[in-house]
Amino acid sequence: MPCDSVALMNGPASAGSAIAVRDVYVSRGAAGAVLRGLDLGIAAGETLALVGRSGAGKSTLLKLINGLIVPDRGEVLVEGRDTREWNPFDLRRRIGYVLQEIGLFPHLTVGANIAIVPRLLGWSPARIDARVTEMLNLVGLPSATYAQRGALELSGGQRQRVGVARALAADPPILLMDEPFGALDPVTRAELHREFRRIQAQVRKTVVIVTHDMAEAFALADRVGVLDEGVIAQLDAPRELARSTDARVRPLLEPLFEARAFMS
Ligand SMILES: Nc1ncnc2c1ncn2[C@@H]1O[C@H](COP(=O)(O)OP(=O)(O)O)[C@@H](O)[C@H]1O
Ligand SMILES: [Mg+2]
């Protein structure tokens with residue numbers, strides 16, 4: 001094997017990655033250059049958290065992965081194929097998306113919200129019903145109690161659980177989560193962190209979760225990438241990242257140290 005392909009396979013954005021971002025540049029409106037030569041590789045079954053300040057380009061990166069936007073330069077590969085070469089419908093079938101304000105359709109029941117993508121895919125009603133039940137049970141909302149409820153009759157935490165159930169309904173291998181727990185109170189958020197870990201241990205998706213909260217990233221992810229000035233400043237397991245001396249990473253760790261100092 002030529003040594004450049006070995007280097008690629010071991011590199012940060014190897015050809016075998018579920019998602020590979022290579023030397024990507026993106027400009028957005030008045031913001032100008034948002035991503036500036038960003039490289040990132042995400043392995044199948046990995047949970048990767050992307051942490052950065054507001055405006056750092058975290059959501060932009062997720063939109064690149066699901067093909068909503070394309071890079072000005074560089075390439076984004078999903079399962080080895082450039083997002084520009086994917087049929088957009090096929091690409092989005094491979095990807096579940098969970099947002100902070102997930103926008104459940106308020107006039108639909110919980111069950112109908114979860115059934116949206118399976119319906120689009122033309123599944124039979126029996127298969128859809130079975131899947132809705134399975135997904136509600138997975139996220140800890142018993143189907144008998146919740147499937148027929150209106151989406152507006154739920155608490156914030158319950159809505160986020162439904163958002164996760166909806167994103168997983170068609171069993172996509174990739175899950176993108178954009179500040180999914182950002183709007184929740186800390187107790188509910190901690191509860192959903194535990195639930196997330198339980199569900200991920202069961203379903204083993206390739207997950208990219210965006211957050212501005214390092215504590216959340218540490219609680220959820222196998223590896224954490226810090227996005228700063230349009231590049232990944234550091235990408236490491238939480239344990240290594242916590243010891244970072246990088247001036248771009250330290251400020252994001254400060255809230256953790258403050259909390260710890262206060263408790264000790
Ligand atoms: N649709 C858009 N049009 C123009 N500028 C945008 C658009 N979306 C985001 N931006 C700008 O791009 C930068 C990065 O945004 P975003 O990726 O949403 O950041 P983050 O999710 O990290 O807070 C910001 O300066 C933002 O104002
Ligand atoms: Mg964002």
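A nonpolar core is a set of buried Ala, Val, Leu, Ile, Met, Phe, Trp, Tyr and Cys residues joined through C-beta atoms within 7 Å. The model used throughout is a predicted one.

**Exercise 1. The nonpolar core**

Task: State how many residues the largest nonpolar core has and which of them have the most contacts inside it.

Solution. 
Step 1. The largest nonpolar core comprises 68 residues.
Step 2. The most contacts inside this core belong to Ala49, Val51, Ile65, Ala165, Leu176 and Val208.
Step 3. Take Val51 from that list. With residues up to four places away in sequence left out, Val51 touches Thr211, His212, Met214, Ala217, Val224, Val226, Leu227 and Leu252.
Step 4. As background, nonpolar side chains in soluble globular proteins tend to be buried together.

**Exercise 2. The six-stranded sheet**

Task: Determine the strand order of the open sheet formed by six strands, and its pairing.

Solution. 
Step 1. The order is β6-β7-β8-β3-β9-β10, and the sheet is open with mixed pairing.
Step 2. β6 and β10 (231-236) are the edge strands, each of which pairs on one side only.
Step 3. On average, neighbouring strands of this sheet are turned by 20 degrees against each other, direction ignored.
Step 4. Strand β3 (residues 47-51) and strand β9 (residues 223-228) run parallel and are joined by four bridges. Within this pair, Ala49 is placed opposite Val224 of β9.
Step 5. Helix α2 packs on the sheet, where it touches β3, β7, β8 and β9. The direction of α2 makes about 155 degrees with that of β8.

**Exercise 3. Strand β7 and its two partners**

Solution. 
Step 1. Strand β6 (residues 95-99) runs parallel to β7, with five bridges between them. Tyr97 stands opposite Leu176 of β7, and Leu99 has Asp178 as its bridge partner there.
Step 2. With strand β8 (residues 206-211), β7 also pairs in the parallel sense, over five bridges. Here the bridge partner of Asp178 is Val210.
Step 3. Consider burial, for which the criterion is 20 or more other C-beta atoms within 10 Å. In β7 (residues 174-178), five of five residues are buried, and in β6 four of five are.
Step 4. Ile174, Leu176 and Asp178 point one way from β7, whereas Leu175 and Met177 point the other way. The residues of both groups are buried.

**Exercise 4. Asp82**

Task: Is Asp82 buried, partly exposed or exposed?

Solution. 
Step 1. Asp82 is located in strand β5.
Step 2. Asp82 has 15 C-beta neighbours inside 10 Å and therefore counts as partly exposed.
Step 3. Apart from neighbours within four places in sequence, the contacts of Asp82 are Glu75, Val76 and Leu77.
Step 4. Asp82 and Ile19 lie 63 residues apart in sequence, and their C-alpha atoms are 9.8 Å apart.

**Exercise 5. The shell around ligand 1**

Solution. 
Step 1. The shell consists of Arg28, Gly29, Ala31, Val34, Gly52, Ser54, Gly55, Ala56, Gly57, Lys58, Ser59 and Thr60.
Step 2. Three of these residues are nonpolar, seven are polar and two are charged.
Step 3. Helix α2 (residues 58-65) gives the most to the shell, namely three residues.

Terms used: Residues numbered from 1 in each chain as written. Chains lettered and ligands numbered in written order. Predicted model: local features only at pLDDT ≥ 70, side-chain atom pairs only at ≥ 80, totals over all residues. Buried ≥ 20, exposed ≤ 12 C-beta atoms within 10 Å, placed from the backbone. Contact = placed C-beta atoms within 7 Å. Near = placed C-beta within 6 Å. Helix = DSSP H or I, 4+ residues; strand = E, 2+ residues; numbered from the N terminus. Nonpolar A, V, L, I, M, F, W, Y, C, P; charged D, E, K, R; others polar. Pairing = 2+ DSSP bridges. Axes fitted to C-alpha atoms, helices over the stretch in contact; angles between N-to-C directions.
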